[in-house]
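This report describes side-chain packing in one protein chain.

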Amino acid sequence: GWQFLNINPLRKRSNTINAIVEAKDGSLWVGFGYSTQPGGYLMSLDTNGRWKGHYMDNSGFLESEPLDLYFDPFGNLWVATNGGGIQTFSIR
């Protein structure tokens with residue numbers, strides 16, 4: 001059957017998912033875009049079912065619209081964005 005995952009409603013800014021990727025630790029990283037304005041943000045879901053938002057104010061993510069997510073062999077997250085180039089983030 002279907003399983004539905006909902007993000008923390010206190011920080012929910014969009015429901016438009018552009019990309020999703022699984023990290024080596026089993027966490028899921030999700031790239032959200034805004035449907036009516038430029039920009040976006042990242043959320044991660046740990047293996048215990050807890051969501052964490054990744055924004056300018058807590059991680060340095062420039063909040064450009066994420067279009068694609070990729071983890072390299074060293075554990076770095078690469079984020080291809082609309083308008084913000086490529087941004088990298090180490091989750092180690």
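Is D46 buried, partly exposed or exposed? D46 counts as partly exposed because its relative accessibility is 25%; buried means under 20% relative accessible area, exposed over 50%, and partly exposed in between, with a 1.4 Å probe and protein chains only.

The model is predicted: local features need pLDDT of at least 70, side-chain atom pairs count only at pLDDT 80 or more, and totals for chains, interfaces and linings use all residues. Residues are numbered from 1 along each chain as its sequence is written, and side-chain values use heavy atoms, with hydrogens and water left out.

**Salt bridge**

D46 has R50 as its salt-bridge partner, with 3.1 Å between the closest N and O atoms. The count is 1 salt bridge, the term meaning a side-chain nitrogen of Lys or Arg within 4 Å of a carboxyl oxygen of Asp or Glu.

**Aromatic pairs**

The whole structure holds 5 aromatic pairs. Rings of Phe, Tyr and Trp (its six-membered ring) pair if their centres lie within 6.5 Å; planes under 30 degrees apart count as stacked, over 60 as edge-to-face and the rest as tilted.

| Pair | Centre to centre | Angle between planes | Type |
|---|---|---|---|
| W29 and F71 | 6.1 Å | 75° | edge-to-face |
| W29 and F89 | 6.1 Å | 55° | tilted |

W29 belongs to strand β2 (residues 28-33) and F71 to strand β5 (residues 65-71), so their pair ties together parts 42 residues apart in sequence. Strands are DSSP runs (E, at least two residues), numbered from the N terminus. F89 sits in strand β7 (residues 86-90), 60 residues from W29. W29 and F71 are both buried, W29 at 5% relative accessibility, whereas F89 is partly exposed at 30%. Elsewhere, ring pairs join F32, Y34, Y41 and Y55 into a cluster.

**Nonpolar cores**

In soluble globular proteins, nonpolar side chains tend to be buried together. A nonpolar core is a set of buried Ala, Val, Leu, Ile, Met, Phe, Trp, Tyr and Cys residues joined through side-chain atoms within 4.5 Å. The largest one has 10 residues, including W29, F71, L77 and V79. At least two of its residues come from each of β1 (16-22), β5 and β6 (76-82). A separate core of 6 residues includes V30, Y34, Y41 and M43.

L77 has contacts (heavy atoms within 4.5 Å) with residues including V21, W29, L42, F71 and F89, leaving aside residues up to four places away in sequence.

Conventions. Helices (H or I, at least four residues) and strands (E, at least two) are DSSP runs, numbered from the N terminus.
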